[in-house]
Amino acid sequence: MKDSINWKSIKTILLDMDGTLLDLHFDNYFWQEYLPVHWGKMHNMGADVAKAQLKDWYSEEAGTLSWYCLDFWTDRLKFDVLQLKADVEHLIQYRPYAESFLEKLRADTNYRVIMVTNAHENLIKMKVDKTGIDNYFDKIISSHTIGHAKEDQAFWQKFQLENPFELDQTLLIDDNLTVLRAARTFGIENLLTISKPDSQNEEQDPEEFNAISSFEDINF
Ligand SMILES: [Mg+2]
């Protein structure tokens with residue numbers, strides 16, 4: 001599949017991290033398997049009971065800054081969540097052709113490349129240490145620094161004030177359809193999603209968006 005983007009008009013490229021450039025399997029496995037089992041053991045709970053309880057708590061916070069906040073979960077669950085994440089950091093990996101895409105973008109001076117992520121700053125640091133992904137960006141912006149999740153208009157308003165960009169000359173690639181809809185409402189005209197954010201899971205339905213299955217589909 002071709003990427004359907006008019007690259008000649010693009011000046012700014014906004015890229016999400018987890019599920020877009022990096023395999024979401026790390027995050028999904030951690031939150032859905034590894035953490036519930038660990039937390040269940042701490043409270044003498046079976047894995048299934050722990051998973052069900054945490055699933056409820058997760059869904060209460062879905063799409064908010066708290067859901068993405070390690071401090072929030074460390075406080076709520078009463079142990080160091082980032083520390084536990086380090087146990088499974090071997091699962092932090094690029095998605096297919098993501099690194100060669102970033103190398104190619106970096107070599108092309110026509111584009112300003114900014115990471116926009118809902119990941120907590122400390123988690124970004126863990127992933128940067130593991131992958132060197134920071135080398136490919138002019139800037140890395142965490143929604144925790146902005147103070148609003150990417151799902152909120154307030155994120156985009158503040159982000160654009162601090163990093164001016166033209167709506168019609170900007171491309172956002174993000175695996176999260178709610179985030180893409182928020183960006184579209186804000187006015188960003190070029191949007192792409194990812195058909196398989198988690199290498200170990202089913203493809204997601206891209207609904208009204210164009211999806212790429214790997215960065216090999218992108219030609220600029
Ligand atoms: Mg993502």
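Which residue forms a salt bridge with lysine 85? Select aspartate 27: its closest N or O atom and that of lysine 85 are 3.5 Å apart. A salt bridge here is a side-chain nitrogen of Lys or Arg within 4 Å of a carboxyl oxygen of Asp or Glu.

The model is predicted: local features need pLDDT of at least 70 and side-chain atom pairs count only at pLDDT 80 or more, while totals for chains, interfaces and linings use all residues. Residues are numbered from 1 along each chain as its sequence is written, and side-chain values use heavy atoms, with hydrogens and water left out.

**Stop 1: salt bridges**

Stay with lysine 85 and aspartate 27. The pair links distant parts of the chain, with lysine 85 in helix α4 (residues 81–86) and aspartate 27 in helix α1, 58 residues apart. Helices (H or I, at least four residues) and strands (E, at least two) are DSSP runs, numbered from the N terminus. Lysine 85 is buried at a relative accessible area of 1%, and aspartate 27 is buried at 8%. Buried means under 20% relative accessible area, exposed over 50%, and partly exposed in between (1.4 Å probe, protein chains only).

Next select aspartate 18 and lysine 127, whose side chains meet in a salt bridge of 2.6 Å, N to O. Aspartate 18 sits in the loop between β1 and α1, and lysine 127 in helix α6 (residues 121–131), 109 residues apart. Both aspartate 18 and lysine 127 are buried.

For another case, select arginine 184 and glutamate 208, with closest N and O atoms 3.0 Å apart in a salt bridge. Arginine 184 is in helix α9 and glutamate 208 in the loop between β5 (190–194) and β6 (211–212), 24 residues apart. Arginine 184 is partly exposed at 39% relative accessible area, and glutamate 208 is partly exposed at 41%. Now select Asp18, Asp27, Lys85 and Lys127 together: salt bridges that share partners join them into one network. The whole structure holds 12 salt bridges.

**Stop 2: the magnesium ion**

Select the magnesium ion. What coordinates the magnesium ion? The donors are Asp16 (OD), Asp18 (O) and Asp175 (OD), at 2.1 to 2.2 Å. Donors are N, O and S atoms within 2.8 Å of the metal (3.2 Å for Na, K and Ca); water is not among the atoms, so sites may look incomplete. In sequence the donor residues are spaced D-x1-D-x156-D. Aspartate 16 lies in the loop between β1 (12–15) and α1 (25–42), and aspartate 175 in the loop between β4 (170–173) and α9 (177–186), 159 residues apart. Aspartate 16 is buried at 5% relative accessibility, as is aspartate 175 at 9%.

**Stop 3: threonine 131**

Return to helix α6 and select threonine 131. Threonine 131 is buried, with a relative accessible area of 15%. Its side chain reaches the backbone oxygen of lysine 127 at 2.6 Å, a polar contact (a pair of N or O atoms within 3.5 Å; within protein, one must be able to donate a hydrogen and the other to accept it, and residues adjacent in sequence count only if both atoms are side-chain atoms). Leaving out residues up to four places away in sequence, threonine 131 touches Leu22, Ile92, Tyr94 and Glu99. Contact means heavy atoms within 4.5 Å.

**Stop 4: helix α5**

Select residues 98–107, helix α5, where the buried residues are Ala98, Phe101, Leu102 and Leu105. Seen down the axis of α5, the buried residues fall within an arc of 100 degrees, so they line one face of the helix. The arc is that of the directions from the helix axis to the C-beta atoms. These buried residues pack against β1, β2 (112–117) and β4.

**Stop 5: aromatic rings**

The whole structure has 21 aromatic pairs. Select tryptophan 156 and phenylalanine 159: the pair is edge-to-face, 6.1 Å centre to centre, with 85 degrees between the planes. Rings of Phe, Tyr and Trp (its six-membered ring) pair if their centres lie within 6.5 Å; planes under 30 degrees apart count as stacked, over 60 as edge-to-face and the rest as tilted. Both tryptophan 156 and phenylalanine 159 are buried.
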